[in-house]
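Q: I have a chain open here and would like to talk through its fold and surface. Could you take a look with me?

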Amino acid sequence: MKFLPENGDINPEDLIKKQPLELLNEVNKILSKSITQGIADAKVKHEVPDETINALRENVFVFSGMKTYHELKEA
């Protein structure tokens, strides 16, 4: 949140700057861990194709970026 007083408003392009990117990466790390844990802890065991796992991780990364942007925008 220190980013906001120093820079004013946030734009999508700001997500590649150090502080917003650190927040984005932290959100992504937590949510990505949930994918791995969810697959491992599933009650019905079946093999999940690598393409599906990669698509989920990419989806989580995009979501993490949008979540970070909107959290900073709201703040």
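Q: How far does helix 3 reach from its first C-alpha to its last?
A: Helix 3 has 25 residues and reaches 36 Å between those atoms, close to the 36 Å expected at 1.5 Å a residue, where the expected span is 1.5 Å times one less than the number of residues. Helices here are DSSP runs of H or I with at least four residues, and strands are E runs of at least two, numbered from the N terminus. This is a predicted model, in which local features need pLDDT of at least 70 and side-chain atom pairs count only at pLDDT 80 or more, while totals for chains, interfaces and linings use all residues. Residues are numbered from 1 along each chain as its sequence is written, and side-chain values use heavy atoms, with hydrogens and water left out.

Q: Which residues of helix 3 are buried?
A: They are Ile53, Val60, Ser64, Gly65, Thr68, Tyr69 and Leu72, buried meaning under 20% relative accessible area, exposed over 50% and partly exposed in between (1.4 Å probe, protein chains only).

Q: Switching to the whole protein chain, what does its secondary structure come to?
A: It comes to three helices and zero strands, and from the N terminus on the elements run α-α-α.

Q: How much of the protein chain is buried?
A: Buried residues make up 25% of its 75 residues.
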